[in-house]
Amino acid sequence: MTPAHTRTEDTIAAIATPPGPGAIGVIKISGREAEGILRRLFRPARPREHFESHRFYYGHIVDPDTGEPVDEVLVVLMRAPRSYTREDVVEIHAHSGYRVLTRILELVFRAGARPAEPGEFTLRAFLNGRLDLAQAEAVQEIISARSDTALRLALRQLSGGLSERIRRIREALLHLLALTEVAVDFPEEDLEIVPPEETRERLRKEVLTPLEELIRASGEGKLFREGIAVVLAGRPNVGKSSLLNALLREERAIVTPIPGTTRDVIEETAQIAGLPVRLIDTAGLRETGDEVEAIGVRKAREKLEAADVVVFLVDGSQAPREEDLRLYQEVRKRPHVVAVNKIDIASPDTLSAWREALPANPVYISALKGTGLSELSRRIFETVIGHGPAEPPEVAPNLRQKAALERAAEATRRALALLEEKEPLPELLAVELREALSALGEITGEVTTEDLLDRIFSTFCIGK
Ligand SMILES: Nc1nc2c(ncn2[C@@H]2O[C@H](COP(=O)(O)OP(=O)(O)OP(=O)(O)O)[C@@H](O)[C@H]2O)c(=O)[nH]1
Ligand SMILES: [Mg+2]
């Protein structure tokens, strides 16, 4: 099939709301036939010749062949260019039932539209210049945001936060490229038009440093967007499930004084300092003859391997045992926080024994009473981010954007290396600056390929 972005002449349509019964379901139509299709299928409650843009009209969708009403609806026509795609857009707000919506959609197709491909509405918004590529990607990120912070980051990207920074870096590069090209064209003048030190200084300050900041922000942004996996591990009965419940503020896992209570992996999502966290409670780690528990222990070890952070829990009311220390050797290979639990019933003796037994600086908590939990949260945050809870980054490039930023940074570093030489060749310098520019162009979409567009928009849902 020809890729969607080469068929922008077509009028496209799709159901824009999630499937399933609900109060309203929306069918979206975009393209030059949109208004014609509306006129063929919609019978307004009061007959009218003209539809004003951006106004709701009440009436019925009617099968033009039989005259039979299909549903009672509200419709709105948004004339180009004041619409999401910058084309004429019609929305039909019908009742959300599977059969109702598919019947209306069939009528819309019969009247001249074709099914929209995933992300095709947003693709058109991009092709028609309403959004740049980074903003188009932000649309998808808004939809899939799983925390308040992720949502805020995506909204900022949609309103052009990232694009603006890229634009500034590109401008600096373009300026330096222009100067370099003068040097290529008038070699007798040499690079002396601009002394290499000054070019170097500007490249570093206006290009490399901002690029490196964005690359770093991308790493943090990913954590805020996708969240982290925190595994609660330790011997049986140390209070892992109690801690899970305390952090969730809900009785999610069964807690009993019997060692070996949890046998399966329990996962729940919470937020720690704005970070979406998957909390994973596991079976207490021990040798066991019980077949079911043994499977649980195996699963717990698998989870340990995949954790972003392990909270290694010990029972502070009992003296350290050799098993604890052995388990700790396992855990310490992973990013971890040690938590000494049950401090509400621990004696000073056992607590100081723990202090000596463990090399790491533990957090003292009581899962039962809820003490020490904010300190524990802070330490979890620190372990993954490398510093304490702070404002998430202003903008957070995604993986695709990060790869392009890294290419641009590499080219900039090569340019800087060239400028270290005694007589830098302007031709070579220009090559690197152009490479950096083209990498940045891929982020906002000045430079695109069919492949790139397909890759980005095929991850969208249909109707967006
Ligand atoms: N006093 C006190 N008791 C606690 C604390 N945390 C847990 N307990 C008790 O310790 C016992 C075991 O708690 P669980 O949360 O089931 O322990 P677990 O680590 O999940 O145990 P397994 O699932 O068997 O591995 C229960 O009786 C809890 O009430 C605490 O901070 N203080
Ligand atoms: Mg448990």
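Analyst: Two residues are in contact if their C-beta atoms, placed from the backbone, lie within 7 Å. The model under discussion is predicted.

User: Which residues does T262 touch, not counting residues up to four places away in sequence?

Analyst: T262 is found in the loop between α8 and β9 (266-272). Under the contact criterion, and with residues up to four places away in sequence left out, its partners are K240, S241, A253, D281, T282, A283 and G284.

User: Is T262 buried or exposed?

Analyst: A residue is buried if 20 or more other C-beta atoms lie within 10 Å of its own. T262 has 23 C-beta neighbours inside 10 Å, and therefore it counts as buried.

User: At which residues does UniProt place the feature "binding site", and what is the largest C-alpha distance?

Analyst: The unreviewed UniProt entry places this feature at S241 and T262. They are spread over 22 residues of sequence but cluster in space, the largest C-alpha distance being 7.5 Å.

User: Which residues surrounding ligand 1 are the closest?

Analyst: The shell around ligand 1 holds 23 residues. By class, nine of them are nonpolar, 11 polar and three charged. The closest are G239, S241, T262, G284 and L368.

User: Which helix gives the most to the shell around ligand 1?

Analyst: S241, among the closest residues to the ligand, has its place in helix α8. With three residues, the helix that gives the most to this shell is α8 (residues 240-248).

User: How many residues of α8 are buried?

Analyst: S241 is buried because 24 other C-beta atoms lie within 10 Å. The buried residues of α8 also include K240, L243 and N245. Helix α8 is mostly covered, and of its nine residues the number buried is eight.

User: Against which elements do the buried residues of α8 pack?

Analyst: S241 itself is in contact with A253, I254, V255, T261, T262 and D281, leaving aside neighbours within four places in sequence. For the buried residues of α8, the packing partners are β8 (228-234), β9, β10 (275-281), β11 (309-315), β12 (336-341) and α12 (373-385).

User: Turning to another region, where does R86 lie, and what separates its C-alpha atom from that of G31?

Analyst: R86 lies in the loop between β5 (69-78) and β6 (89-96). R86 counts as partly exposed because it has 19 C-beta neighbours inside 10 Å. R86 and G31 are 55 residues apart along the chain, and their C-alpha atoms are separated by 9.0 Å.

Key. Residues are numbered from 1 along each chain as its sequence is written. Chains are lettered from A and ligands numbered from 1 in the order in which they are written. This is a predicted model: local features need pLDDT of at least 70, side-chain atom pairs count only at pLDDT 80 or more; totals for chains, interfaces and linings use all residues. A residue is near a molecule or strand if its C-beta atom, placed from the backbone, lies within 6 Å of it. Helices (H or I, at least four residues) and strands (E, at least two) are DSSP runs, numbered from the N terminus. Ala, Val, Leu, Ile, Met, Phe, Trp, Tyr, Cys and Pro count as nonpolar, Asp, Glu, Lys and Arg as charged, and the others, Gly among them, as polar. UniProt positions are given in the numbering used here, feature names are shortened, and annotations may be inferred rather than shown by experiment. A residue is buried if 20 or more other C-beta atoms lie within 10 Å of its own, exposed if 12 or fewer, and partly exposed in between; C-beta atoms are placed from the backbone.
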